[in-house]
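The structure goes in first.

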Amino acid sequence: MDVTADNKKIADLDIMRIMEMIPHRYPILMIDRVIDITLGESATGLKNVTINEPFFQGHFPSRPVMPGVMIIEAMAQTSAVLVVATLGKESEGKLVYFMTVDEARFRRPVTPGDTIHIHVSKQRQRANVWKFKGEAKVNGVLVAEAVYSAMILDEK
């Protein structure tokens, strides 16, 4: 994990580091990399969408489309990495639960071969409850967005 001189930015987290930070695993781990983090503020995650995703077997076999709820889950996981990076090593592996999902919009379908850039920014934080705005883009085009809140808990 490369932290810049001002100790506020992290340049890149690979899948192995992400799995140390959040408890999600296949088939529900929805991010492959986090390419930048500004601690306490924002992060950008990447999801490489492949035909091998288990949800494509049923959504839809003749025209595979990534379910919107899975895109929102990718936003939440990117946010969870931001929370853990911000709070420090003692928060690694803690569970982060959705509390609300608001203003969800799905603009375009996401299909195999797409790479989703997931941009999340903290809107506010009170104690262990965080609220975020997330945007998912493919080739710079907005495909989904949502505002959501989550709670980090001490249980593992």
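The entries below cover peptide bonds, phi angles and aromatic rings.

I am working with a predicted model, in which local features need pLDDT of at least 70, side-chain atom pairs count only at pLDDT 80 or more, and totals for chains, interfaces and linings use all residues. Residues are numbered from 1 along each chain as its sequence is written, and side-chain values use heavy atoms, with hydrogens and water left out.

**Peptide bonds and phi.** I kept the background in mind: most peptide bonds are trans, and most residues other than glycine have a negative phi.

I looked up the cis bonds. Tyr26 and Pro27 are joined by a cis peptide bond with omega near 10°. Pro27 sits in the loop between α1 (15-21) and β2 (33-38). For these labels, helices (H or I, at least four residues) and strands (E, at least two) are DSSP runs, numbered from the N terminus. The bond from His59 to Phe60 is also cis, with omega about -5°. I placed Phe60 in the loop between β3 (42-48) and α2 (68-87).

Next I looked up positive phi outside glycine. Glu103 has a phi near 55° and belongs to strand β4 (residues 95-106). Is Glu103 buried or exposed? Glu103 is exposed, at 55% relative accessible area. My cut-offs are under 20% relative accessible area for buried, over 50% for exposed, and partly exposed in between (1.4 Å probe, protein chains only). Asn139 has a positive phi of about 50° and lies in the loop between β6 (129-138) and β7 (141-153). Asn139 is exposed as well, with 74% relative accessibility.

**Aromatic rings.** I described each pair by the distance of the centres and the angle of the planes. Rings of Phe, Tyr and Trp (its six-membered ring) pair if their centres lie within 6.5 Å; planes under 30 degrees apart are stacked, over 60 edge-to-face, and the rest tilted.

How many aromatic pairs does a search of the whole structure find? The search finds four. One of them is Phe98 with Tyr148, edge-to-face at 6.1 Å centre to centre and 85° between the planes. This pair links distant parts of the chain, with Phe98 in strand β4 and Tyr148 in strand β7, 50 residues apart. Phe98 is partly exposed at 37% relative accessible area, whereas Tyr148 is buried at 1%.

I then noted Trp130 with Phe132, a stacked pair at 6.1 Å centre to centre and 5° between the planes. Both Trp130 and Phe132 are buried.
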